[in-house]
Amino acid sequence: MGTASWALGEAAWSYYELIAGRQTPFPSFADAGYLLFPVLAAIGLLIWPSAVLQGTTRWRTLLDGALVAGALLILSWVTALGSTVHAGGATTFGYVVSLGYPLSDLVLLTLTVVIVTHARQAQSALAMVAVGLACLCVADTGFAYLTAEGTYETGSPVDAGWFGGFLLIAVAAYQGAAPTREDPIGSRLRLESTARALLPYLPAGIGLAVALTVEFTGHGDHVTLAAAAFVIAALLGRQLLAVLDNRALVRQVLAAQHELRYQAFHDPLTGLANRLMFGDRLRHSLELHQRDLRPLSVLYCDLDGFKDVNDTLGHDAGDIVLKSAAERLNAVTRTGDTTARIGGDEFAILLEDGGDPHEVAVRIFAAFAQPVSVGHDVVPLTTSIGIAELTPDQATPTAEAMLQRADRAMYAAKRAGKGTVMTWTGQPTPAHQPRSRPAPSNGDAPSPTWGGGG
């Protein structure tokens with residue numbers, strides 16, 4: 001529609017120049033077609049998919065627009081706009097129409113730079129449109145300047161800007177109509193290029209350089225100074241916004257790192273520590289045992305009959321049972337203890353600083369005495385517990401060996417009748433007589449035995 005409007009204006013101009021055989025009046029119907037083009041072109045640019053005035057980029061977009069507009073105002077004032085204002089006009093209407101050309105070009109070029117900067121993805125068609133509109137603005141500026149000076153004639157070199165500008169827009173339309181294959185995931189992850197991010201600063205730098213030049217040469221005035229001050233203020237605002245955006249980005253990155261660390265060391269279903277965190281805590285405790293002779297204990301708990309719950313009631317019911325078991329295990333331990341879901345229906349508890357594992361086992365059985373309600377069903381909750389204790393006078397095993405001791409004691413409790421607790425000991429004692437056949441030796445005690453308790 002914009003190019004059609006320009007074509008109508010050009011037809012009117014050609015009629016006056018070639019058919020009527022007289023000088024084109026000003027203003028005329030040709031000016032109506034010409035001036036309607038930037039209005040329709042601006043609407044076309046706003047329809048273009050971009051992040052302009054959307055979401056968190058709204059203020060950045062406005063500051064970029066102010067930055068570009070102030071810089072282009074300087075350039076326009078020292079060329080076309082200033083000459084047009086000083087030249088005046090025979091009539092008020094003609095004077096307004098004369099100002100319409102440089103002002104509309106200023107708005108259109110500002111919008112073009114902002115749209116290119118904040119486009120959702122780099123597109124050669126959009127870049128070609130931008131260059132074409134820039135050529136049209138340069139041609140309009142030259143036309144307005146030469147007209148104000150009274151030296152414009154048809155066929156002037158500035159006319160080449162109109163030919164080139166519309167040719168580029170036509171090529172861009174052809175490219176934009178061609179089907180393109182877009183990667184939706186890649187487009188979301190694509191970062192803004194450095195060239196596009198710095199694009200608003202290019203006219204700002206040129207505008208300030210021109211303002212300084214005309215000021216030092218004695219050709220500056222209050223409009224140039226005011227526009228330069230406006231550009232500097234927009235620059236400071238843009239940089240302040242960049243600092244605030246960077247701070248917000250750093251906070252988001254830190255929050256994401258915290259969330260990733262939490263997910264890496266916690267079970268997503270129960271919220272307890274996972275096997276990775278439990279192993280890290282256990283290794284640290286063993287280092288303290290080796291250095292400071294601090295005692296520690298590991299309880300290994302396995303839910304009895306959990307497979308039947310999944311098979312008969314479904315995995316959703318199994319998840320409810322696991323969550324309930326995790327809550328009850330967490331409730332009977334101290335703040336400094338580590339309760340973890342090792343995998344499946346297996347849980348482990350690390351007791352440090354002299355915690356009594358047998359008392360904890362008694363509290364676990366008491367907490368599990370109440371069944372779990374799963375919809376209209378009631379699921380009994382029982383567990384078999386294996387205990388591995390490490391006293392100050394014992395040699396420090398590896399974390400894997402310590403956990404394996406508690407694991408084997410738990411399987412001994414399973415064989416002893418479930419719902420019981422068994423303790424791994426390096427030497428048999430009267431208080432802990434074997435209640436099942438000895439498990440195979442794991443290499444860290446010459447003759448491991450299993451003691452009953454609980």
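This is a predicted model: local features need pLDDT of at least 70, side-chain atom pairs count only at pLDDT 80 or more; totals for chains, interfaces and linings use all residues.
Contact here means that heavy atoms lie within 4.5 Å of each other. Helix α3 covers residues 58–87 and helix α4 covers residues 92–117, and their axes come within 9 Å of each other. The two axes cross at roughly 150°. Angles over 145 degrees count as roughly antiparallel, and α3 and α4 are therefore roughly antiparallel to each other. The crossing of α3 past α4 is right-handed.

On the α3 side, the residues in contact include T61, G65, V68, L72, L73 and V85. On the α4 side, Y95, L99, P102, L106 and V113 are among them.

Attention now turns to a strand, β6, which spans residues 383–390. Seven of its eight residues are buried, so β6 is largely enclosed by the rest of the structure. In this context, buried means under 20% relative accessible area.

Strand β6 has two pairing partners to look for in the structure above. With strand β1 (residues 296–303), β6 pairs in the antiparallel sense over eight bridges; here C301 stands opposite I385 of β6. With strand β7 (residues 421–425), the pairing of β6 is parallel and runs over four bridges. In this second pairing, I387 stands opposite T423 of β7.

Notes. Residues are numbered from 1 along each chain as its sequence is written. Side-chain values use heavy atoms; hydrogens and water are left out. Buried means under 20% relative accessible area, exposed over 50%, partly exposed in between (1.4 Å probe, protein chains only). Two strands pair if DSSP finds at least two bridges between them. Axes are lines fitted to C-alpha atoms, for helices over the stretch in contact, and angles run from 0 to 180 degrees between N-to-C directions. Angles under 35 degrees count as roughly parallel, over 145 as roughly antiparallel, 65 to 115 as roughly perpendicular and the rest as oblique. A crossing is left-handed if the near helix is turned anticlockwise from the far one by less than a right angle, and right-handed if clockwise.
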